[in-house]
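Here are my notes on this one, as promised. Have the chain open while you go through them.

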Amino acid sequence: MLSKKKCVAMLLAGGQGSRLAPLTTYIAKPAVPFAARYRIIDFSISNCVNSGIDTVGVLTQYQPLELNDYLGTGSPWDLDLRFGGLHILPPYQAQKGGDWFKGTANAIYQNIKFIKRYNPDYVLILSGDHIYKMDYDIMLQEHIENGADCTIAVIDVPLEEASRFGIMTTDEKGRITEFAEKPENPKSTQASMGVYIFSTDALIKYLEEDEANPESENDFGKNVIPAMLADGQKMYAYLYKGYWRDVGTLSSYWAANMDAIGDKPELVLNDPGWRIYYRHSFNYPQYIGENALVTNSICGAGNEIDGKVNNSVIFNNAIIEKDTDIEGSIIMSECHIGKGVKIDYAIVDHGAVIKDGVTIIGDRSGDPVIIERDSVVSGDIMEGGRK
């Protein structure tokens, strides 16, 4: 072994993201585009890089082709290293057989050899489908100071939303005394962010015990965390107070994109002190025509815009023709929006074509209208629905 790593990150990126369908019909949820130039997974990986963690295992499973191609060797994040760096870890067939990842804990269990290769003192476990900017090193230092076996990042949520999350109850020192996975009657509002730091020996011990239990669902929230708590392990909550959003639904995905626009956006993407790294695309410059009007929006490279765009996110290589009005919408790469089109509260997926004169208006009390990838729309869509 060349050396050892203090901390390695294991990034769970294999989920189907069914609540985000149809955006996830052909690609994994972490590969879904975000804010005109990024993918959702860019945030977790960039957090690792900015936190000084240079060894990241990305566990893929569902529709991995586009995600794997996007990640490549890890060079956009300076993670193309000889010892460490970014590694894609799919399920595999071993001598004694193989299986799909059965749960979050089983996914890590199947990759214990990868962890042991670097002999880390600590393992950071992340989800690849959240939008946030977080310094994991601060959390790690708190974990070390507490002498913790496990530290769970939590964020304070409204009480009416708490039943959607794993909920922590802590004492005055932040030590976890109770944990409930999506409780009907939550006792607190400290919700798990799906970010864990484990001391390596404790993690491996409980993963092996969990795998040996035929009744287990092999899930951190349902099985591993409760088992550690029942055994009296030292478990602490780390309260995070920055921006964080689980983009697990169409409405939350739309809202997170909208959070990145405006004079004082909730999600700041141009912070030089905390860059979000991404794989650059080689596009020609954006063209804004003489009849165009673009306000309070984010636009990618290679666009040709001749219409009006307001409060919207336009990805790369989109064409928006004249006399078209786009409001509060997300237009993905390679879309062609014709003349005289009106779009309000919609997500138009990659490569879709909207014919001249079409009106698409979503009902803002529900999910936005979704225009599926590579589809052609020639008729009006009003107040929700899908074409």
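1. Some ground rules before the sheets. I call two strands paired if DSSP finds at least two bridges between them. Strands (E, at least two residues) and helices (H or I, at least four) are DSSP runs, numbered from the N terminus. Bear in mind that this is a predicted model, where local features need pLDDT of at least 70, side-chain atom pairs count only at pLDDT 80 or more, and totals for chains, interfaces and linings use all residues. Residues are numbered from 1 along each chain as its sequence is written, and side-chain values use heavy atoms, with hydrogens and water left out.

2. Start with the five-stranded open sheet, ordered E18-E21-E24-E27-E30 with parallel pairing. Its edges are strand E18 (298-299) and strand E30 (369-371), each of which pairs on one side only. Inside that order, E24 (residues 330-331) and E27 (residues 346-348) run parallel and share two bridges. Ile 331 has Val 348 of E27 as its bridge partner.

3. There is also an open sheet of six strands, again with parallel pairing, in the order E16-E19-E22-E25-E28-E31. Strand E16 (287-288) and strand E31 (376-377) each have a single partner strand, so one side of each lacks a neighbour in the sheet. At the E31 end, strand E28 (residues 353-354) is joined to E31 by two bridges, in parallel. Look for Val 353 opposite Val 376 of E31.

4. Which residue in this stretch has a positive phi without being glycine? Asn 317 does, with phi near 60°. You'll find Asn 317 in the loop between strand E21 (313-314) and strand E22 (319-320).

5. Val 58 is bridged to Ile 88 in E5. Together with helix H2 (residues 65-71), E4 and E5 form a right-handed β-α-β unit (right-handed if, with the strands pointing away from the viewer, the path from the first strand over the helix to the second runs clockwise).

6. For an antiparallel case, see strand E11 (residues 166-170) and strand E12 (residues 176-181), paired over five bridges. Ile 167 sits opposite Ala 180 of E12. The hairpin of E11 and E12 has five residues between the strands, and Gly 174 there takes a positive phi near 85°.

7. Now the helix pair. Helix H6 (residues 200-211) packs on helix H7 (residues 220-230) at an angle of about 120°, with the axes 10 Å apart (axes are lines fitted to C-alpha atoms, for helices over the stretch in contact, and angles run from 0 to 180 degrees between N-to-C directions). That makes H6 oblique to H7, since angles under 35 degrees count as roughly parallel, over 145 as roughly antiparallel, 65 to 115 as roughly perpendicular and the rest as oblique. On the H6 side, the contact residues are Ala 202, Leu 203, Tyr 206, Leu 207 and Asp 210, and H7 supplies Phe 220, Asn 223, Val 224, Ala 227 and Met 228 (contact means heavy atoms within 4.5 Å).

8. Pro 22 belongs to the loop between strand E1 (7-12) and strand E2 (33-34).
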